[in-house]
Structures are given as structure tokens and as C-alpha cells.
Amino acid sequence: MANNEATQKPPLTGLKVLELAGTVIGPFTGMVLADLGCDVVRIDPPSSKKNSPWIDSLCRRKSSVVVDFASPSSLQAFFDLLTVADILIDPYRPGAFERSIGMNAEELCRQFPRLVYARINGFAHDDQTYSHAVGHEGNYIAVSGGLPSLQHMRGKNGVLFKPTTNYLADFGPGSMACIVGILCALMQRSVSGRGQVVDASVQQGTAYMSIFPRQRREHAEQATTGEPSLDTDHAPYYDIYRLDPAVMPGRDDRSNWPALREVLGEKFASETQKHWRSVFDGANACVSPILDFDDAGVDLGRPLVQLSETPSLPIPKEHGIPSLGLGEGSADACRRWLGKRTDLVIDSSSFILKKNNGRGLKSKL
């Protein structure tokens, strides 16, 4: 493994990302890119136009620049940032951002040809029925066609929990799909010199991820006996129990599954987790404890992916819920991206970035 300074920088060092302030999907996408070395600037609306109680805690390694799209001078300053940006993350409903800047995606890409414009939505951008509909995670995955293949809906007989829609929807087929698209567009740009539009959505990502169980359901006649399939979602031996007897109902007979689930639930509940760990840890058996994030042995400091030559930045220990204030780091970010400019000003009270000839860059931050 090489050990010089050049190869130890994170893999995306030098790339500049503008992230339009949003909730969950967009911020998580930006945070992952920041951990991989990108210089991520969150574009916040003025405080007078911020009406959401959402606290963006997915703000690691980001700066905030406040832009008022209704102000021509502030919009022009935003365009100056776009001229040097590599990636723009747009989490708004289709058409909202385009209307705020007065140009559509095609015009934006013509004016900023190297820009990778990543649009990430709940519903698929080209869905004729739902693309402009309102919704939340459950709505996005409900119309994807993948939910019956992916959900795990057991809540009785000692079952501890089911995976939440946030993990299934926002972080997986939402953010991660968008990141894959961004990285592919960046690789292509290194060849062609041109950026492109990346469209990701929870709806289409969920449908894509459901391929394995969907294949087994659509072509059940080809499935091999004993092969994992959609039926495992309903199998008692695939459930999660809160914590064998000598005689167990046969698992191959599905009519025995309710009784088998009850037996397993009662048995695991009869002893502590510590006891069952002493039995199964290290054994060649598919039985695992449900560990919480503060349990011994749980490592939260691992990066998203391990890279031998260009590792991502280390995950810092958090003390409280992180936050990024309006305009925090704005002046430094503007100088970092645009150099010393005399035609840009950050308002000292609202922190709004504007283009203002003849005045220097100033900020209380």
C-alpha cells in the first residue's frame, strides 16, 4: 500500500458540491460526498423564508451559504458558484428549483456544461401519475412495486421490530442511488468533458433493489427447492425475536409456521440475550443478537466503504446533535471556491450572499 501524501487524500478531494437545503435524502447524499473528500456547500434560504422545523444534523464537514433566489443580485452570486461547482444536488419537487432560477435543466446544463446536476426525489421524475404528488417514504415505496418483496411486517409473538422506512427508502434506494449516479457522471465527464443530469428517486431505487425476490415471485416454477425466496419474509426462522425445544414443528410444512414462530418466540424470551450469546456467538448457526449502537463491540467509526489507497475522512465522534447555522463558513467557502472577490458581499445580518460591485466580502462569521 502506498503511503505518500498524494495517495492518502480522500478519493473525491477537489470536487465542489452545492447542496440545496432539504431533508434527509439530499443532506445524507451531501454528507457522504463530504466524507469522501468533496467540498460541500449547503445553499440555505434566508431565515425569513425558512418555515420547516427540520434540523439538518447530516451536516458533517459542510459550509452554509445563504441565497435568496428572489433577489437578482443573490441569484447572480449563486450562478458564480455554479461556474466552479462540479455537482449540484437538488432535492426539491420536480420543477421547483428550475422555476426559482428561471431556466430548465437543459438550459442549466448548456450554461454550465461541466456541471453534474443531481435531482433526487421521492417519486420518479418521469412518473406520469406521481412525479408531482406529495408524499413521504411510505408513499414512495408503496408505488414502486418493490414493497411486497422487501417489507418485513411481523409484530407479534415476540418479534422485536421491523426495519423502518427511513432506512429502506431514504438512505438506500434514495441517497445511495443518487451517489452512484453522481460518481458515474463524474467518471464519464473525465472522458467527455461534459456533465449531465442525474435523476434518482426512492420509487425507482426501491423497484431496482427488489429484483431478487421479485424474480423468484415472477418465476416461481424455476426456483430451486430450499432457495431463498419471497416466502422467507413470512417464515418464522427469518423473523427477529426479542431475545429448540427438543421437539420442533417441521419447518418445511408451512402449516406449522405459526406454531414454530410461537415456540421460537417463547423459547428465546425464556432466557436473557447474554445467555443466548454464550450459546450462539462463535457457533455455526444463523442466530445473532440485536445490538444497539451503544452496546459493547459496536463500531460506529467505520467509513461507508474501505479504500486502501485513498481512504475517506475519519468519522468524528459526535457530542450532541450536529447542526450547521445559516451562513456558517460562508465567507471561507466563497474565498475557497471563487478566490478574493470585490464584487461579492455577505449581508452581516441576514447572511445572504449577493453580487454587489464595489464592496468587499464581509461577514460576522
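The model is predicted: local features need pLDDT of at least 70, side-chain atom pairs count only at pLDDT 80 or more, and totals for chains, interfaces and linings use all residues. Residues are numbered from 1 along each chain as its sequence is written, and side-chain values use heavy atoms, with hydrogens and water left out.

**View 1. Asn-121 in strand β5.** Asn-121 lies in strand β5, residues 116-121. Strands (E, at least two residues) and helices (H or I, at least four) are DSSP runs numbered from the N terminus. Asn-121 is buried, with a relative accessible area of 6%. Buried means under 20% relative accessible area, exposed over 50%, and partly exposed in between, with a 1.4 Å probe and protein chains only. Apart from neighbours within four places in sequence, Asn-121 is in contact with Pro-91, Tyr-92, Arg-93, Pro-94, Ala-200, Ser-201 and Val-202. Contact means heavy atoms within 4.5 Å.

**View 2. Strand β5 and the strands beside it.** Because 6 of the 6 residues of β5 are buried, the strand is largely enclosed by the rest of the structure. Val-116, Ala-118 and Ile-120 are buried on one side, and Tyr-117, Arg-119 and Asn-121 on the other, so that both faces are covered. β4 and β5 run parallel and are joined by 4 bridges; Ile-89 has Ala-118 in β5 as its bridge partner. β5 and β6 also run parallel, joined by 5 bridges. Here the bridge partner of Arg-119 is Asp-199 in β6.

**View 3. The open sheet.** The sheet is open and has 6 strands in the order β3-β2-β1-β4-β5-β6, with parallel pairing. Its edge strands are β3 (62-66) and β6 (197-201), each of which pairs on one side only. Two strands pair if DSSP finds at least two bridges between them. On average, neighbouring strands of this sheet are turned by 20 degrees against each other, direction ignored. Axes are lines fitted to C-alpha atoms, for helices over the stretch in contact, and angles run from 0 to 180 degrees between N-to-C directions. Strands β1 (residues 16-20) and β2 (residues 39-44) pair in the parallel sense over 5 bridges, and Leu-18 stands opposite Val-41 in β2. Helix α3 (residues 72-84) packs on the sheet and touches β1, β2, β3 and β4 (87-90). The direction of α3 makes about 140 degrees with that of β1. Helix α13 (residues 330-338) also packs on the sheet, touching β1, β2 and β3, and its direction makes about 95 degrees with that of β3.

**View 4. Two loop residues with positive phi.** Most residues other than glycine have a negative phi. Val-24, which is not a glycine, has a positive phi of about 60 degrees. Val-24 is placed in the loop between β1 and α2 (25-35) and is buried, with a relative accessible area of 15%. Arg-61 has a phi near 65 degrees, also a positive value in a residue other than glycine. Arg-61 lies in the loop between β2 and β3 and counts as partly exposed at 33% relative accessibility.

**View 5. Gln-203 in helix α9.** Gln-203 lies in helix α9, residues 202-209, and counts as buried at 8% relative accessibility. Gln-203 and Ser-144 are 59 residues apart in sequence, and their C-alpha atoms are 4.7 Å apart in space. Not counting residues up to four places away in sequence, Gln-203 touches Gly-122, Phe-123, Ala-124, Asp-127, Tyr-140, Val-143 and Ser-144.

**View 6. The buried side of helix α11.** In α11, Trp-257, Leu-260, Arg-261, Leu-264, Gly-265 and Phe-268 are buried. They cover an arc of only 130 degrees around the axis, which puts them on the same side of α11. The arc is that of the directions from the helix axis to the C-beta atoms. The face turned away from this buried side carries the exposed residues Pro-258, Glu-266 and Ala-269. What covers the buried residues includes α12 (273-280).
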